[in-house]
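I opened a new notebook page for this structure.

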Amino acid sequence: MIQIKVVNKGHQPLPQYATAQSAGMDLRANLSEPVVLRPMEHRLIPTGLHIALPPGFEAQVRPRSGLALKHGISVLNSPGTIDADYRGEVGVLLVNFSDRDFVVNDGERIAQMVIARHEQGEWIETAELDATERGEGGYGHTGVK
């Protein structure tokens, strides 16, 4: 388990894992008043959290499955990436894909955050790539069954 420095400028508790094997921690809305998301509207919802991840890690902000299933609420840039050198407030870009207004209340669990290790790549220009069985087959090239 890695240690993550956090400054909580909001009034919500720090994110926690719901179970011992949960991949994500719930993020809560940190609001002074409820926010109404109209159908197809998107808004940046504050969490009050500022984090400092170790180098080589990112935080991914993902939708909560319950909000998506029951209300059509998702994270617009899913997954949103928080880089290790970002020190601003963690915000969640929520979108309402339903046909009804959705009210985001203070303290509501609005997204989940997954901490993930990552690598950086270095481009090496070449005249051609090695051949593979798949080749240039892309979107749906293997068929339906």
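Before listing pairs, I note the rule I use: two strands pair if DSSP finds at least two bridges between them. I also note that this is a predicted model.

Entry one, the sheet. I looked up the strand order and found an open sheet of four strands, S2-S10-S5-S7, with antiparallel pairing. I noted strand S2 (24-28) and strand S7 (80-82) as the edge strands, each pairing on one side only. The twist from one strand to the next averages 35°.

Entry two, the pair S5 and S7. I found three bridges between S5 and S7, in the antiparallel sense. Across this pair, Gln60 stands opposite Thr81 in S7.

I then asked how many of the five residues of S2 are buried. Four of them are, so S2 is largely enclosed by the rest of the structure.

Is Gln60 buried or exposed? Its relative accessibility is 12%, and buried means under 20%, so Gln60 counts as buried. I found a polar contact of 2.3 Å between the side chains of Gln60 and Arg62. Leaving aside neighbours within four places in sequence, I listed the contacts of Gln60 as Pro79, Gly80, Gln112, Met113, Val114 and Ala116.

Key. Residues numbered from 1 in each chain as written. Predicted model: local features only at pLDDT ≥ 70, side-chain atom pairs only at ≥ 80, totals over all residues. Heavy atoms only, no water. Buried < 20%, exposed > 50% of the residue type's maximum accessible area, 1.4 Å probe, protein only. Polar contact = N/O pair within 3.5 Å; in protein donor to acceptor, adjacent residues only side chain to side chain. Contact = heavy atoms within 4.5 Å. Axes fitted to C-alpha atoms, helices over the stretch in contact; angles between N-to-C directions.
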